[in-house]
Amino acid sequence: MPPVWLMRQAGRYLPEYRVVREKAGGFLDLVFTPELAAEVTLQPLRRFGFDAAILFSDILVVPHALGQRVGFAVGEGPQLDPITDRRDFERLAGEVDHDVLAPVYETIAIVKDQLDPGVTLLGFCGAPWTVASYMIAGHGTPDQAPARLFAYRDRAAFGVLIDVLVDASAAYLVRQLQAGADAVQIFDTWAGVLPIEEFGQWCIEPTQRIVAQVRAAMPQAKIIGFPRGAGTSLSRYAAETAVDAVGLDWMIDRAFARDHIQSRLPVQGNLDPLVLVAGGAALDRAVDAVLEAFAGGPFIFNLGHGILPETPIAHVERMLERVRRGTP
């Protein structure tokens, strides 16, 4: 039976989360209030008995700790002061401010103290490419065109931003591990929009550098990489970044992932979040297909991206029951 947890398992699909979220006020108020952030981190563990807790936070706390204004408008997602040219870099600090991030480290310590010893505590950060795409556009976009254009038009300047984010992200992950996280995940949510040449420069190389910096400080650190949409480039990512495990999105060919990734490293994933919303026989078939594909090697059952707010709790329970019955 594989271990199981879900990306965004602490979130709006849970009524108990919505109560705490309302109490906190703004989203960042919740993230930076350790007692409340710890509570929502633990809520899905109490309800479902997952094998891992993932820190409740957000990938954009890093630009926030670099001095960029970050806000979250209800129903609209993140809003940042966009970086449009080199002059905007002057607004950013050269290194991450750990005092700003201190509440996150305190949340980890609180959660670690309350977790069953058999449950893993995961920290995380956004990968530099994905974080940079929000920093440049000032909000989420369908294809990250603003960041792609910036990188094409001024490669050197974009490289400077990536360098800052590599160092900031590595320092952030090291502090999470020191605070009590058992492992960390690097989310490259928008890796799939990059052409193959750019994928190497803006996804693989920065991740490789983060892993190296984290391991220099914490040699036993366990790191999961999740480059969503990487497709067949996932094989190169697994070989070159030195991550310990690879997250699989729901779009990947499972036979390819089994033969070319799982033969080297543990894999994690890759149930479609929408089939978890759909439920019923479609969910049963999808769970069985994931289990059957990856039964022969090291595997963590998860979604191919974050759980959706409209997901019925009963469907999560049905999924867990089927996973815990074992491989079909």
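1. Leaving aside neighbours within four places in sequence, Thr 41 is in contact with Ala 10, Ala 53, Ile 54, Leu 55, Phe 56 and Val 111. The model is a predicted one, and the values below are to be read accordingly. Thr 41 itself belongs to helix α3, which covers residues 34-48.

2. Is Thr 41 buried or exposed? Its relative accessible area is 0%, so Thr 41 counts as buried, the cut-off being under 20%.

3. The side chain of Thr 41 takes part in polar contacts with backbone atoms. It reaches the backbone oxygen of Ala 37 at 2.7 Å. The side chain of Thr 41 also reaches the backbone nitrogen of Phe 56 at 3.0 Å.

4. Which residues does Phe 199 contact, leaving aside its neighbours within four places in sequence? They are Ala 191, Leu 194, Ile 204, Ala 230, Ser 233 and Tyr 237. As for Gly 118, 81 residues from Phe 199 along the chain, the C-alpha atoms of the two are separated by 37 Å.

5. The largest pocket holds about 1,200 Å³ of space. Its lining consists of 39 residues, and those nearest the centre are Arg 8, Arg 12, Phe 27, Asp 58 and Phe 72. Two or more lining residues come from each of α1 (15-24), β2 (70-73), β3 (77-80) and α12 (273-278). Of these, α1 gives the largest share, 3 residues.

6. By residue class, the lining of the largest pocket comprises 24 nonpolar, 8 polar and 7 charged residues.

7. For the second largest pocket, the space amounts to about 230 Å³. Its lining is made up of 15 residues, with Trp 5, Thr 120, Leu 122, Ile 224 and Ile 300 nearest the centre. Strands β4 (120-126) and β6 (223-227) are the elements that give two or more residues to this lining. The lining of the second largest pocket divides into 10 nonpolar, 2 polar and 3 charged residues.

Methods:
Residues numbered from 1 in each chain as written. Predicted model: local features only at pLDDT ≥ 70, side-chain atom pairs only at ≥ 80, totals over all residues. Heavy atoms only, no water. 1 Å grid on protein atoms, 1.4 Å probe; cavity = no way out; pocket = protein on both sides within 12 Å on 5 of 7 lines; lining within 4 Å. Points joined across faces, edges and corners; volume = space filled by probe spheres on them. Helix = DSSP H or I, 4+ residues; strand = E, 2+ residues; numbered from the N terminus. Nonpolar A, V, L, I, M, F, W, Y, C, P; charged D, E, K, R; others polar. Buried < 20%, exposed > 50% of the residue type's maximum accessible area, 1.4 Å probe, protein only. Polar contact = N/O pair within 3.5 Å; in protein donor to acceptor, adjacent residues only side chain to side chain. Contact = heavy atoms within 4.5 Å.
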